[in-house]
Amino acid sequence: MKKHGCEIEAINVNYKIGTQKTESPFKIFCRKPAKNRQEVGQESEEEARAEKTSNGVRHVLKDVNCRAKPWEILAIVGPSGAGKSSPLEILAGKVTPQTGSILVNQKPIDRANFKKISGYVTQKDTLFPLLTVEETLMFSAKLRLMFPQAELSSRVKSLIQELGLSHVSKTRIGDERVRGISGGERRWVSIGVEVMHDPKVVLLDEPTSGLDSTSAIQIIDMLKIMAKTQGRTIILSIHQPGFRIVKLFNSILLLANGSVLHHGTVDFLGVNLRLMDLDLPLHVNVVEYAIDSIEIIQQQEKCWQVQKEGLPPLPATGLEKKGDDQGEVRNSKFTLHQLFQQAKVADDEISNMATDFSQDFANSRLRETIILTHRFSKNIFRTKELFACRTIQMLISGIVLGSIFYNLKDDLTGAEEREREIVMKETSCGSYRVSSYAIANGLVYLPFLLILAILFTLPLYWEVLAVHVWGM
Ligand SMILES: Nc1ncnc2c1ncn2[C@@H]1O[C@H](COP(=O)(O)OP(=O)(O)OP(=O)(O)O)[C@@H](O)[C@H]1O
């Protein structure tokens, strides 16, 4: 039977966010993760962007119209901060736009059901570092599919083969502390987890970020095969797609400052740019060229703004120097919106079939609890060192002070933070119930905490007894 495709259409989507910082009343309980230098840089850039907003409101997406078709890849491109991730977050149900509509096969989206027929691969790989590739995919299969064990195993095996992970199937995922598979392979596993339930739509936020060009091409190549052979609708955001990657996209959505500058094929973008009388070099990567042009114009507009306000001109940037004569031609002639004409996507015949949504969770509450208990036990058994540390820590605390119980170190809180992220992601995409997680967590942790409590109180008990009975 031929698989039904899923066409997604966004109509006049506007998404605004408040940029005024509100202090959480529970601030003292919120742990701020340590930032590296790059993140600190990004934060100040974010703050600078926020300052540009009026009335503390930032228009992240402005009247965005676009369409993604089954059997195809739609790539959302644009400079940093253009709003590329936001359409994906809207489709994944993470945020809700203020106005506009999203249609799935020409019917208004039903968010709960859409989650079941879609997979959302975030930029950050949220995986348990101590599980192997095979175990990770197997737990994902158990939680999301209602198949017998033999079928689950064969599904996992064939997916591992399809993703080219056979050589590392028994290797642990790993992270900065635990040695494991490579960054590119980790990205494959993240994609595997999200396509395990055979979704009709796959959303990927910057799937190639942090990867070398060969791995990046391999990932997009694989996504292209997924779209072509299984009729999936692939929507991804990408920052700087190389020439070979661009060739694999069926259509692109070029964003700048949250507005659509072009929606259509890459070839059509080239035609548009040439129609604007631009001196477009023959074998240039038009997407890169367009992004570069946007950046130059944005830089130029910033300079004009500064000059208009009578402030001293901004110091020259590398971008302006890079633009040189080409940049000058572009800058003097056009504003951002003059540079591009909005392209309309040709209407294709898409069957108006009803989407076949499967209902509810894949497993019963009891089965979910059993699977999650199994996964917890594996993680805990493989974190022996951390638990030994905690035990010794408790013992020493009991002997010396008998007061500090939860004195967790960074590595422990780091592991807890990761676990929290994974659970939030899995529960939000409907893999299992939160209550099953809580029960499984309790089942595994309670006996251990009981032992810790005994270890903690025993020395304290003898010390207090010694003081009272022998007056020591
Ligand atoms: N929850 C939020 N709080 C504050 N600002 C936000 C939020 N969501 C989006 N923004 C802002 O909206 C703009 C678009 O964000 P988005 O992440 O979609 O852009 P992007 O093109 O994916 O950026 P990048 O390529 O740098 O990841 C950015 O300037 C971002 O700072």
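A crossing is left-handed if the near helix is turned anticlockwise from the far one by less than a right angle, and right-handed if clockwise. I wrote that down before opening the model.

**Entry: ground rules.** The model is predicted, so I note that local features need pLDDT of at least 70, that side-chain atom pairs count only at pLDDT 80 or more, and that totals for chains, interfaces and linings use all residues. Residues are numbered from 1 along each chain as its sequence is written. Helices (H or I, at least four residues) and strands (E, at least two) are DSSP runs, numbered from the N terminus.

Entry: Two packed helices are described by the angle between their axes and the distance between the axes. Axes are lines fitted to C-alpha atoms, for helices over the stretch in contact, and angles run from 0 to 180 degrees between N-to-C directions. Angles under 35 degrees count as roughly parallel, over 145 as roughly antiparallel, 65 to 115 as roughly perpendicular and the rest as oblique.

I took α13 to begin with. The axes of α4 (residues 133-144) and α13 (residues 365-381) come within 10 Å and cross at roughly 165 degrees. The two helices are therefore roughly antiparallel. Their crossing is left-handed. For contacts, two residues must have C-beta atoms, placed from the backbone, within 7 Å. From α4 I listed Glu135, Phe139, Lys142 and Leu143; from α13, Glu368, Ile371, Arg375 and Lys378. How do these contact residues divide by class? Three are nonpolar, none polar and five charged. Here Ala, Val, Leu, Ile, Met, Phe, Trp, Tyr, Cys and Pro count as nonpolar, Asp, Glu, Lys and Arg as charged, and the others, Gly among them, as polar.

Then I turned to α5 (residues 149-162). It packs with α4 at an angle of about 130 degrees, the axes 10 Å apart. That makes α4 oblique to α5. The crossing is right-handed. α4 gives Val133, Glu134, Leu137, Met138, Ala141 and Lys142, and α5 gives Leu152, Arg155, Val156, Leu159 and Ile160. I find eight nonpolar, no polar and three charged residues in the contact of α4 with α5.

Next came α6 (residues 183-195). α4 and α6 pack at about 20 degrees, with axes 9 Å apart. They are therefore roughly parallel to each other. This crossing is right-handed. Val133, Thr136, Leu137 and Ser140 of α4 meet Val189, Gly192 and Val193 of α6. Four of the contact residues are nonpolar, three are polar and none is charged.

Entry: Two strands pair if DSSP finds at least two bridges between them. I traced an open sheet of six strands in the order β6-β7-β8-β3-β9-β10, with mixed pairing. Which strands lie at its edges? They are β6 (118-121) and β10 (259-264), each pairing on one side only. The twist averages 15 degrees from one strand to the next. α6 packs on this sheet and touches β6 and β7; its direction makes about 160 degrees with that of β6. β6 and β7 (residues 201-205) run parallel, joined by four bridges. Ser118 has Val201 of β7 as its bridge partner. At β10 I found helix α9 (residues 266-275), which lies across β9 (251-256) and β10 and runs at about 115 degrees to β10.

**Entry: the four-stranded sheet.** A further open sheet has the order β2-β1-β4-β5, with antiparallel pairing. β2 and β5 (107-108) each have a single partner strand, so one side of each is left without a neighbour in the sheet. Five bridges join β1 (residues 8-18) to β4 (residues 99-104). Ile11 has Ser101 of β4 as its bridge partner. β4 and β5 pair over two bridges, and Val104 stands opposite Lys107. I also noted the hairpin formed by β4 and β5, with two residues between them; Asn105 in the turn has a positive phi of about 50 degrees.

**Entry: the ligand.** How many residues surround the ligand? I found 15, and the closest are Ser80, Gly81, Lys84, Ser85 and Ser86. A residue counts as near if its C-beta atom, placed from the backbone, lies within 6 Å. The elements giving two or more residues to the shell are α1 (37-51), β2 (57-68) and α2 (85-91). By class, the shell has three nonpolar, eight polar and four charged residues.
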